[in-house]
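Here is a walk through one structure, from the whole assembly down to its helices. Keep the viewer open as you read.

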There are 2 protein chains.
Amino acid sequence: MPKFDKHIFICMNQREAGHPRGCCNPTGEGELQRLFKTKLAQRGLKSVRANKSGCLDQCELGPTVVVYPEAVWYGNVKPEDVDEIIESHIVGGHPVARLVISDSILNTTHKK
Amino acid sequence: MPKFDKHIFICMNQREAGHPRGCCNPTGEGELQRLFKTKLAQRGLKSVRANKSGCLDQCELGPTVVVYPEAVWYGNVKPEDVDEIIESHIVGGHPVARLVISDSILNTTHKK
């Protein structure tokens, strides 16, 4: 088999409530990754993987997701956004603009 | 700041000793990810991230590492390989051929 057509990394990092950097996985249950995984399976998208990830270092913009190989970053992703990301981006090739973290913001929130 | 120039995902998944699929992180300590992180910092490579990852689904070939955006997969990565991956691939742009999982093997070990 070939490589994954798309490899989706969903941040599972957890911080305590009230942490100044925020948290991508406040319940610690990783619902977002499970939702991507379930919906990809339902769509029969076997060459796409919804992967658990450690901290992606964009915590202030989370919950954070990055899709490779195209390196499209999403922030503030909610469960109700998963269908749109799958249909528009993963299937259709059109990233969901309203959720994309722009290059000008990426990696800026806590680095000098 | 821009996106990461290279985003290295190192599998942290742990399975019990003797599991038929093997395990990328047998000690559960994630030494490999820490080693990448430390050495990248020593090299001053701030636009490269050594990221903890959940199961990358190539367990039988582990410990497994994937480098994006180029989607180069490495298997059987040992701590003593980290310097070579950083110098040859991350800095020099030449993947370490002896560790690369070929497309013909990737995703084949347990899938039909």
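Start with how the copies meet. Of the interface residues of chain A, 96% are also interface residues in chain B, so the copies meet through the same surface. Keep in mind that this is a predicted model.

Next, look at how the chains are placed.

Now turn to the aromatic rings. Over all chains, there are eight aromatic pairs. One of them involves A:Y68 and B:Y68. Their ring centres lie 4.9 Å apart and their planes are at 15 degrees. Planes under 30 degrees apart count as stacked, so this pair of A:Y68 and B:Y68 is stacked. The pair crosses between chains. A:Y68 belongs to strand β3 (residues 65-68) of chain A, and B:Y68 to strand β3 (residues 65-68) of chain B.

Then move to the helices. Two packed helices are described by the angle between their axes and the distance between the axes.

Take chain A. Here helix α1 (residues 31-43) and helix α2 (residues 82-91) cross at roughly 55 degrees. Their axes come within 10 Å. Angles from 65 to 115 degrees would count as roughly perpendicular, and those under 35 as roughly parallel. α1(A) and α2(A) are therefore oblique to each other. Their crossing is right-handed. From α1(A), the contact draws on A:L32, A:L35, A:F36, A:K39, A:L40 and A:R43. From α2(A), it draws on A:V82, A:D83, A:I85, A:I86, A:E87, A:I90 and A:V91. Sorted by class, the contact of α1(A) with α2(A) has nine nonpolar residues, four charged and no polar ones.

Now chain B. Helix α1 (residues 31-43) of chain B packs on helix α2 (residues 82-91) of chain B at an angle of about 55 degrees. The axes are 10 Å apart. α1(B) and α2(B) are therefore oblique to each other. α1(B) passes α2(B) in a right-handed crossing. Which residues of α1(B) meet α2(B)? They are B:L32, B:L35, B:F36, B:K39, B:L40 and B:R43. Facing them in α2(B) are B:V82, B:D83, B:I85, B:I86, B:E87, B:I90 and B:V91. By class, this contact of α1(B) with α2(B) has nine nonpolar, four charged and no polar residues.

Conventions. Residues numbered from 1 in each chain as written. Chains lettered and ligands numbered in written order. Predicted model: local features only at pLDDT ≥ 70, side-chain atom pairs only at ≥ 80, totals over all residues. Heavy atoms only, no water. Contact = heavy atoms within 4.5 Å. Axes fitted to C-alpha atoms, helices over the stretch in contact; angles between N-to-C directions. Helix = DSSP H or I, 4+ residues; strand = E, 2+ residues; numbered from the N terminus. Parallel < 35°, antiparallel > 145°, perpendicular 65-115°, else oblique. Left-handed = near helix turned anticlockwise from the far one by under 90°. Nonpolar A, V, L, I, M, F, W, Y, C, P; charged D, E, K, R; others polar. Phe/Tyr/Trp six-rings, centres within 6.5 Å; stacked < 30°, edge-to-face > 60°.
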